[in-house]
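I opened this notebook to keep track of what I look up, one entry at a time. Here is the structure that the entries refer to.

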Amino acid sequence: MELKLKIKTVINSKILLQLFIILMISGCSTILPPTFEEQSATYNRTMEQYQINQIFTNIIRASEDRPIAFNDIPSVLGNANTTTTVAPGLNFGADGDLWSGGLFGIIGNNLESATFNPSQMYSEGFTFTQSSMDNATFWNEFMTKIPMKKLVYFRGNNIPEELILKLLIDEFVIEKASGEITVLENDPSKPSYLAFEKLFKFLIKNKLTFGSQENKKGNKVEKEKATLCISDSPKANSQYKFNTNAYCNIQKEAIYNSDKLFIPLRSVKNIFDYLGAVAAVQLWDEPIYVELSSSIDTYKQTRTKKKDTRKNATKLLVVERNSIFEDKFAYTEDLYGNTFIIPAIDAGYSQKVIAFLSELLILTKIPGSTAPQPGVLLQ
């Protein structure tokens, strides 16, 4: 009878031990390495923020008259590893009778304790190469004035024409019949800027836009030439009037002037210089802000009948210095330890400006200007 009880006790102990181990294993969730989709999403988010911050960094460099520099990341390697180990342990003690020794000693031992030590190690990361864009091929394209044919691509691309024109127009040059030339610079730090703004607003109101002109040679008409022109014909009481070359369509009843209007455009480098000036003047003790005629919500077609009460809704670019407790769309630091951000909310057209610059930079990366790109490898 006593032998049967001993064997029964041992069997029950083993069953309890097995149940204990099963429960412990089922109660521990194994951390699995991220999927390819998750790693790709992490890479895309990281690269997006990297590109935004790099563009913003160069705007701040331009505002401080520092050299502009770009880097490219042609390849990224991702990896993730996980290791799981399980170390169970059992501790048996003797019950002190004749069954505690000999051949049947193991049967007579009682299960005093059981240990279960799971451990898991997990690691992931990215390695990448960074290539400098400081080469003649890139900079020749970067410093060349943007051709009009490229700008036509941005029409209707969710970017207001007023915004594009504000960034692209370098100055207005007015030549009178007497030969007198007036230059109005599109730079908020220059004395002629107020006069530039006055004419710019007039032209926007009269629909300055991307038009085209036919090149005529004798009886032949060549391909149309993309140009900037004024859609609305001048009226008798118009504040500004120019000769017929400034207008998209010539009306017989319209009254034109002999003044010639020239609108030089910028290079991508000049746009960064301009935005650097825009950032610099709004950080003065008496700040100056560059604004568009309509708020950002107007162009998004989400504006309600209520007036837009946000203070930055019409600003071209919003930059804040040493604002460490505010949510950031873009972030950078200068050589002197100052931090600069574009706020994540109420930043006017800042995000559209960054997106437009990103597209211009892509067009600037012609073959030979960047390092070879072997592709993205995620393991």
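**Entry 1: a helix pair.** Before anything else, I note that this is a predicted model. I began with helices because two packed helices can be described by the angle between their axes and the distance between those axes. For helix α6 (residues 161–168) and helix α10 (residues 350–364), I found an angle of about 65° and axes 11 Å apart. The crossing of α6 past α10 is right-handed. On the α6 side I listed Leu 163, Ile 164, Leu 167 and Leu 168 as the residues that make the contact, and on the α10 side Lys 352, Val 353 and Phe 356. Sorted by class, the contact of α6 with α10 comes to six nonpolar residues, no polar ones and one charged one.

**Entry 2: the core.** Next I looked up the largest nonpolar core, which has 69 residues. The residues with the most contacts inside this core are Ile 169, Phe 172, Phe 242, Phe 272, Leu 275 and Leu 316. Helix α8 (residues 268–281) gives the most to the core, namely seven residues. I then followed Leu 316 and, leaving aside its neighbours within four places in sequence, found it in contact with a list of residues that includes Leu 163, Leu 167, Leu 275 and Val 353.

Entry 3: Among the partners across the strands, I wrote down Arg 321 with Phe 340 of β10, Lys 328 with Pro 343 of β10, and Ala 330 opposite Ile 342 of β10. Between β9 and β10, which form a hairpin, there are five residues, and Gly 337 in the turn has a positive phi of about 90°.

Five of the five residues of β10 are buried.

**Entry 4: a second sheet.** Another open sheet of three strands has the order β4-β3-β7, again with antiparallel pairing. Its edge strands are β4 (181–185) and β7, each of which pairs on one side only, and the twist from one strand to the next averages 15°. Strand β3 (residues 171–175) and β7 are paired over three bridges, and Glu 175 stands opposite Lys 260 in β7. Across β3, β4 and β7 lies helix α7 (residues 193–205), running at about 85° to β3.

Entry 5: Leaving aside its neighbours within four places in sequence, I found Asp 259 in contact with Ile 174, Glu 175, Lys 176, Ala 177, Lys 241, Phe 242 and Asn 243.

Methods
Residues numbered from 1 in each chain as written. Predicted model: local features only at pLDDT ≥ 70, side-chain atom pairs only at ≥ 80, totals over all residues. Heavy atoms only, no water. Axes fitted to C-alpha atoms, helices over the stretch in contact; angles between N-to-C directions. Helix = DSSP H or I, 4+ residues; strand = E, 2+ residues; numbered from the N terminus. Left-handed = near helix turned anticlockwise from the far one by under 90°. Contact = heavy atoms within 4.5 Å. Nonpolar A, V, L, I, M, F, W, Y, C, P; charged D, E, K, R; others polar. Core = buried A, V, L, I, M, F, W, Y, C linked by side-chain atoms within 4.5 Å. Buried < 20%, exposed > 50% of the residue type's maximum accessible area, 1.4 Å probe, protein only. Pairing = 2+ DSSP bridges.
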